[in-house]
Every structure is written in structure tokens, then in C-alpha cells.
Amino acid sequence: MATDAPRIAIACQGGGSHTAFTAGVLARWMTPEVLDTHRVVALSGTSGGAICALLGWSALIEERPELARDRLAAFWSANSAATPSEQLVNEMLLVAMKMSHYVAAPAVSPYSTPASAWSLEHLRGLIEQTLDVPAVTARAAELGDRAPLLLLGAVDVLSGSFKAFSSHAGEISADAVLASAAIPNLFRSVPVDGHLYWDGLFSQNPPVGDLIDAHPDEIWVIQINPTARVTEPTSVMEIEDRRNELAGNLSLYQELAFIEQIDRLIEAGALRSDTYRPVTVRILEMNRPPASERLGYASKLNRDPRFLSELLEQGDDQAGEFLAALRFEQAWDDGDADAVLGFFADGALMRAAAPFRELATTADRAVQREFLTRSLGSGVSIDHNRKQIVKQGHATWRVRAQIAGRRVEGMAVADFHDGAVTRFALGTVDMFPLDPVE
């Protein structure tokens with residue numbers, strides 16, 4: 001890997017069992033496909049994302065990134081309801097949570113049942129059987145500033161202060177991971193260094209702003225909670241699920257908006273600082289699992305082995321889409337029309353609308369090449385101060401150009417399948433619903 005390779009920070013959003021998706025993504029990203037050309041300088045995570053971030057970070061600390069896949073798979077296998085008795089308990093829990101929306105039941109405090117304490121200790125056991133945490137943190141201390149940064153998000157129950165346990169401050173431990181994962185209605189608070197902590201879902205989900213301390217060129221966010229929804233939630237279950245998604249995204253998008261604002265101020269020359277530098281933000285958003293439609297929020301507690309395995313596989317697949325979009329973007333940045341067109345599958349469609357040069361939907365390669373050549377030649381470029389998002393089979397970029405002496409902005413959308421572009425559209429933000437090409 002070249003010394004000038006882009007410095008990457010990876011942020012892992014929490015979401016219970018859904019973060020098995022994160023494990024699939026990290027397993028794909030911790031391979032030569034990424035690490036030969038990028039340097040991971042930091043990871044952060046909250047709740048289940050904290051566990052995944054810890055396991056990925058440990059492999060980097062030991063300078064054996066290939067271990068990340070094994071450790072992530074081992075944890076999620078151990079965390080699954082593998083035995084008949086565990087499967088029965090899992091099904092009973094899911095049914096009970098679903099029925100609670102229709103039948104009133106007494107709420108039980110985690111302090112009123114020993115099951116909550118047992119569950120937390122069980123989670124500790126899963127972490128410790130997967131990873132020798134003290135050995136890894138000792139190795140990180142030996143590396144000092146050369147070690148990648150790890151941040152785990154939690155919230156102080158009593159003060160309400162956000163907390164990001166930092167590896168550079170020597171704060172990573174099994175207790176810190178449990179503090180980040182202590183969902184209040186399921187677990188008791190976790191004491192760490194004289195403070196009581198709850199799940200970081202209430203604060204930074206995941207920590208993003210503090211990743212700037214690692215001086216990344218790019219921040220890659222693994223987003224578990226969907227941003228958009230097609231239909232209005234009307235049932236009690238749907239409303240609760242949507243509220244949980246929106247709450248989980250609130251702090252994340254606030255932090256990302258701050259980073260974008262700083263980027264634009266730096267570009268405009270309005271901010272000159274040794275502390276801040278331009279940072280490109282890339283988001284990989286998990287496609288909504290079918291179980292989420294059927295079970296609502298309860299699907300985040302689903303430990304069915306098949307469900308977790310499907311999420312792991314989905315994470316690997318979507319990570320591949322993300323990397324294909326990244327390569328496509330690099331070809332666009334290079335201004336190489338033939339390289340860009342090389343991503344297009346046979347029969348791929350292209351269209352464009354104002355404020356850019358208009359193009360009716362076409363699959364004609366010659367027309368597509370001519371359009372790309374003229375667009376790249378006229379300075380239609382990707383705005384790296386705005387988020388690049390990959391979700392639901394789409395990759396989206398904000399783009400800009402100088403046309404007739406004035407700056408115009410719009411959006412580019414590409415659909416990827418098996419690493420190839422099947423549809424591409426260029427135009428205004430308003431022209432892009434969920435299905436961008438007619």
C-alpha cells in the first residue's frame with residue numbers, strides 16, 4: 001500500500017441483530033480489495049456496531065486483517081439461537097414483542113429480573129470467547145500513535161453526557177463494549193470508572209465527529225436504520241419501528257451535516273484551520289430486511305441463525321456494490337469516458353436532463369460514449385463535499401458544472417448489479433424518485 005493511500009475511517013451504526021449486516025460489510029472491506037489501496041486509520045461503533053468495530057479493529061491492531069472475517073463470523077454464530085431450546089426462546093420473544101402491540105402487558109424493569117443481568121454477562125462471554133480484549137488493547141498501547149483509533153459510543157445515564165470510549169485514551173475494555181450495547185429496556189446500566197452508561201443509541205450512533213482526530217481523508221458510514229420509507233406507517237408496530245429508525249439516524253445526520261458544512265467553508269476559503277481538513281463522506285445504507293416489515297422493531301432482537309446469515313451475506317453483497325460505485329467514481333474523477341463506459345453492462349440505460357445537457361433514455365453505446373465524453377470534457381464533476389450514498393441498489397452523487405458562465409448543481413444516480421452499471425441518470429435532485437430511470 002502506498003504511503004499516500006487515502007486514509008479511511010469507518011463508522012458502524014448500531015441496530016441490534018441487524019448489525020450482522022455490518023459484520024458482512026466489514027468482512028468484505030478488511031480484504032486486499034480495499035486495504036491494498038486504502039489505509040484504515042479509525043473505526044467507531046455503537047451497540048452491535050461497537051462489537052463489529054472492535055472485532056475489525058483487533059485484526060488491524062494485530063496486522064492480520066484477514067482475521068476480521070473469522071472473528072465477525074464467529075461472534076455472530078455464537079450469538080445466534082442455534083440449539084432447539086434457544087430457537088424456541090427466540091420465537092417466544094418475537095411473538096411476545098409482536099403481541100405487545102395488541103395486548104396490554106405489564107412492563108418489567110430490567111432491575112426487577114435477574115434475566116437482564118444474566119443476558120449482559122452472556123454477551124460479555126460471547127465477546128471474550130471471540131477475542132482476548134486485554135491482549136489486543138495491550139498491543140494497541142505498544143503501537144501508540146501508529147495504532148488505528150477505535151471509538152465506542154455510549155451515554156452517561158446520570159449526567160446525560162455523550163461518551164466515546166477511545167483506544168488512544170486506553171479506554172477500550174469488555175465493559176466499554178457492554179456499556180455501548182446496554183439497551184435500557186433490556187439491560188441494566190453498566191458501571192465504568194465510576195459512571196453508569198447506557199446504549200450509545202441515545203447519543204452518537206455511531207461516533208463520527210471524533211473520528212476527525214484520526215485525520216481521515218474519507219469517512220465510510222455503515223448505516224443500519226433506513227433513511228426513507230415508501231409507505232406511511234399506520235399500525236402501532238410500524239410506527240414504533242419508524243420512530244426507532246428516525247431516532248437512530250438523528251445524531252448521525254447531525255454530525256454528517258456538520259462535516260459537510262466544514263468542507264464547504266474550507267472550499268470557499270471562509271475557514272482556514274490546522275484542525276479541519278476536507279473529508280469525503282460515503283454512506284452504505286442497509287436495505288430494509290423483509291423481517292423488519294413483518295416483525296417491526298422486534299426483528300432487531302431476532303437471533304434466528306438463518307436471519308443472521310442472510311444479513312451477513314447481504315452485507316457482503318452491498319459492500320461489493322459500494323466498492324463498484326467507488327471505482328466508477330474514480331473513473332469519473334479521472335475524466336476517462338471509456339473507463340466510465342466500461343462499467344456499463346450490455347443494454348444499460350442512460351438518460352440526462354437540465355440543468356445538464358439533455359439526453360433521452362438510450363441504450364445506444366455510441367450515443368452514451370459521446371454524451372460522457374462531452375459531459376466530462378465540459379467539467380461535469382462530482383462534488384466531494386457532499387455525501388455519496390449507496391442504498392437499495394442505487395449509488396447517488398451530487399454533481400456540479402460551469403454552464404454558460406454559471407455554476408449549476410444536480411445529481412447523478414447509477415444502479416449497480418454484479419459490479420456493473422445497469423442504469424445511469426444525470427439531472428436535478430427533483431427528477432430522482434426511488435426509481436430514477438423510467
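User: Taking helices (H or I, at least four residues) and strands (E, at least two) as DSSP runs numbered from the N terminus, which helix holds E313?
Analyst: E313 belongs to helix 11, which spans residues 305–333. This is a predicted model, in which local features need pLDDT of at least 70 and side-chain atom pairs count only at pLDDT 80 or more, while totals for chains, interfaces and linings use all residues. Residues are numbered from 1 along each chain as its sequence is written, and side-chain values use heavy atoms, with hydrogens and water left out.

User: Which residues form the negative surface patch?
Analyst: The patch consists of E310, E313, D317 and D418. Patch residues have over 30% relative accessible area and no salt bridge, like charges being joined within 9 Å and nonpolar side chains (Val, Leu, Ile, Met, Phe, Trp, Tyr) within 5 Å. Areas come from the Shrake-Rupley method with a 1.4 Å probe, and for residues only the protein chains shown count as cover. Asp and Glu count as negative, Lys and Arg as positive, with His and the chain ends not counted; charges are placed at NZ of Lys, CZ of Arg, CG of Asp or CD of Glu.

User: Salt bridges next: how many does the structure hold?
Analyst: There are 22 salt bridges, each a side-chain nitrogen of Lys or Arg within 4 Å of a carboxyl oxygen of Asp or Glu. One of them pairs D316 with R69, with the closest N and O atoms 3.5 Å apart.

User: What network of salt bridges includes R69 and D316?
Analyst: The network links R69 and D316 with R28, E33 and R327.

User: And K387, what does it bridge to?
Analyst: K387 pairs with E260, the closest N and O atoms being 3.0 Å apart. K387 lies in the loop between strand 11 (381–382) and strand 12 (388–391) and E260 in helix 9 (residues 236–268), so the bridge ties together parts 127 residues apart in sequence.

User: Is E260 buried or exposed?
Analyst: E260 is buried, at 8% relative accessibility; buried means under 20% relative accessible area, exposed over 50%, and partly exposed in between (1.4 Å probe, protein chains only).

User: Changing topic, how many aromatic pairs are there?
Analyst: The structure has 13, counting rings of Phe, Tyr and Trp (its six-membered ring) with centres within 6.5 Å; planes under 30 degrees apart are stacked, over 60 edge-to-face, and the rest tilted. F328 and F416 have ring centres 5.9 Å apart and planes at 85°, so this pair is edge-to-face.

User: Where do F328 and F416 lie?
Analyst: F328 is in helix 11 and F416 in strand 14 (residues 406–417), so the pair ties together parts 88 residues apart in sequence. Both are buried. Ring pairs join F328 and F416 with W332, F343, F344, W397 and F424 in a cluster.
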